[in-house]
Amino acid sequence: CKILRCNSEYVAATLHLRGPDRGAAFCTALRSYSLCPRRTARTCRGDLAFHSAVHGIEDLMIQNNCSKEGPTAPPRPRPPAPNPHGFESLDICDYERSFLYKHGRPPSFQHCAAFGDPHIRTFHDDFHTCRVEGSWPLLDNDYLFVQATSSPVAKGSNATVTSKLTIIFKNMKECIDQKVYQAELDNVPAAFQDGSVNGGARPGGSSLAIWERSPGRHVEIRADYIGTTIAVRQAGRQLSFSIRAAEEVARAFTEEQDLQLCVGGCPHSQRMSRSPRGRGRVPAETAQALCREILPVEDVYFQSCVFDVVTSGDTNFTMAAHGALEDARLFLPDAEKLHIFQ
């Protein structure tokens, strides 16, 4: 008895039909729903779900003043048959499509970035400037591990910059083999550590891929199987990291995985003010003028730019803040959250 398939087809056909104006389209879906059980009547005679659906359809048609005669919607195409590996490739390695199919709406996304000093924009839109020398996890969940290694921006300075990024895409069923990506200063490769450019030989291997946006300076990694996109850039003598992650993926961690800069920001003991005291390597007025040329809105990206140029003396840091803002513009689902003012 295939009455459950009839039910799911009806639900899928009416998901987008809401409110008093659904009229004719709703009746068309109901007539199609009514036809479906008739095709399976012979095998469903003893099935309670079948009889319940038949009576339910009649009641719905009466309540909505739908005539039994009239147009019907063409049957939805059946999903492709499972392949020898026992899964539907349509769903399992395409997160956004799978989520829409299961929940009737697209997934929600979150954005995190680490750039410059480093400055951290968390998934919750908090913004910190950190003194985090050594290696710190940006992400540590069921799908991804991202570690940033920082070193002093200049001799004798308390400020640090990201000099190395390690990203581990964890093994996932039929989709991908575990893949490791590593970038260091002057070495931003467009390939994983094993030389590959995708998720491997598994059926969904193409759902993880690297794209080179600017040779040796900017790569984008698309992980469609978890609805995630990552950008890695080098500007001057620092690396930056940006991510757009499905909310469900970003939250997939346990209490033991509590230290994640993208989730909680940098620890209180490691936070710095973005108002450097004492003499910098570049006058603050000069840094402000340079940053204002490419960052006209004086938000936290502008503040970070000024701080980095004053502290390091390296004018290339203007491009670090600009690149992070461009990634945020591309990755943030809500444009109103683009600028943060503190």
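Two strands pair if DSSP finds at least two bridges between them. Helices (H or I, at least four residues) and strands (E, at least two) are DSSP runs, numbered from the N terminus. In these terms, serine 151 has valine 161 in E6 as its bridge partner.

The model is predicted: local features need pLDDT of at least 70 and side-chain atom pairs count only at pLDDT 80 or more, while totals for chains, interfaces and linings use all residues. Residues are numbered from 1 along each chain as its sequence is written, and side-chain values use heavy atoms, with hydrogens and water left out.

**The sheets**

E5 and strand E6 (residues 160-169) pair in the antiparallel sense over nine bridges. Both belong to an open sheet of four strands, with antiparallel pairing and the order E4-E5-E6-E7. E4 and strand E7 (179-184) are its edge strands, each pairing on one side only. On average, neighbouring strands of this sheet are turned by 20° against each other, direction ignored. The loop between E6 and E7 holds lysine 173. Phi of lysine 173 is near 35°, a positive value in a residue other than glycine.

An open sheet of eight strands, also with antiparallel pairing, has the order E8-E9-E10-E11-E1-E2-E3-E12. Its edge strands, strand E8 (208-214) and strand E12 (271-272), each pair on one side only. Strand E3 (residues 127-130) pairs with E12 in the antiparallel sense over two bridges, and threonine 129 has methionine 272 in E12 as its bridge partner. Helix H9 (residues 300-312) packs on this sheet and touches E1, E2, E3 and E12. Contact here means heavy atoms within 4.5 Å. The direction of H9 makes about 165° with that of E2.

Proline 118 is placed in the loop between strand E1 (109-115) and strand E2 (119-121). A cis peptide bond joins aspartate 117 to proline 118, with omega of about 20°.

**Helix packing**

Two packed helices are described by the angle between their axes and the distance between the axes. Axes are lines fitted to C-alpha atoms, for helices over the stretch in contact, and angles run from 0 to 180 degrees between N-to-C directions. A crossing is left-handed if the near helix is turned anticlockwise from the far one by less than a right angle, and right-handed if clockwise.

| Helices | Angle | Axes apart |
|---|---|---|
| H1 (residues 3-14) and H3 (residues 48-63) | about 35° | 9 Å |
| H8 (residues 284-294) and H10 (residues 317-331) | about 35° | 10 Å |

H1 passes H3 in a left-handed crossing, whereas H8 passes H10 in a right-handed one. Ile3, Asn7 and Tyr10 in H1 meet Ala49, Phe50, Ala53 and Leu60 in H3. Leu290, Cys291 and Ile294 in H8 meet Thr318, Met319 and His322 in H10. By class, the contact of H8 with H10 has four nonpolar, two polar and no charged residues. Here Ala, Val, Leu, Ile, Met, Phe, Trp, Tyr, Cys and Pro count as nonpolar, Asp, Glu, Lys and Arg as charged, and the others, Gly among them, as polar.

**The cavity**

A cavity is a set of points, on a 1 Å grid over the protein atoms alone, where a 1.4 Å probe fits but cannot get out; lining residues have an atom within 4 Å of a point. Grid points are joined across faces, edges and corners, and a volume is the space filled by probe spheres set on the points. A search of the whole structure finds one cavity of 30 Å³ or more. The largest cavity has a volume of about 40 Å³. Residues lining the largest cavity include Pro118, Trp136, Ser150 and Leu261. Strand E4 (134-140) and strand E5 (144-152) are the elements that give two or more residues to this lining. By class, the lining has eight nonpolar, two polar and no charged residues.

Note on methods:
1 Å grid on protein atoms, 1.4 Å probe; cavity = no way out; pocket = protein on both sides within 12 Å on 5 of 7 lines; lining within 4 Å.
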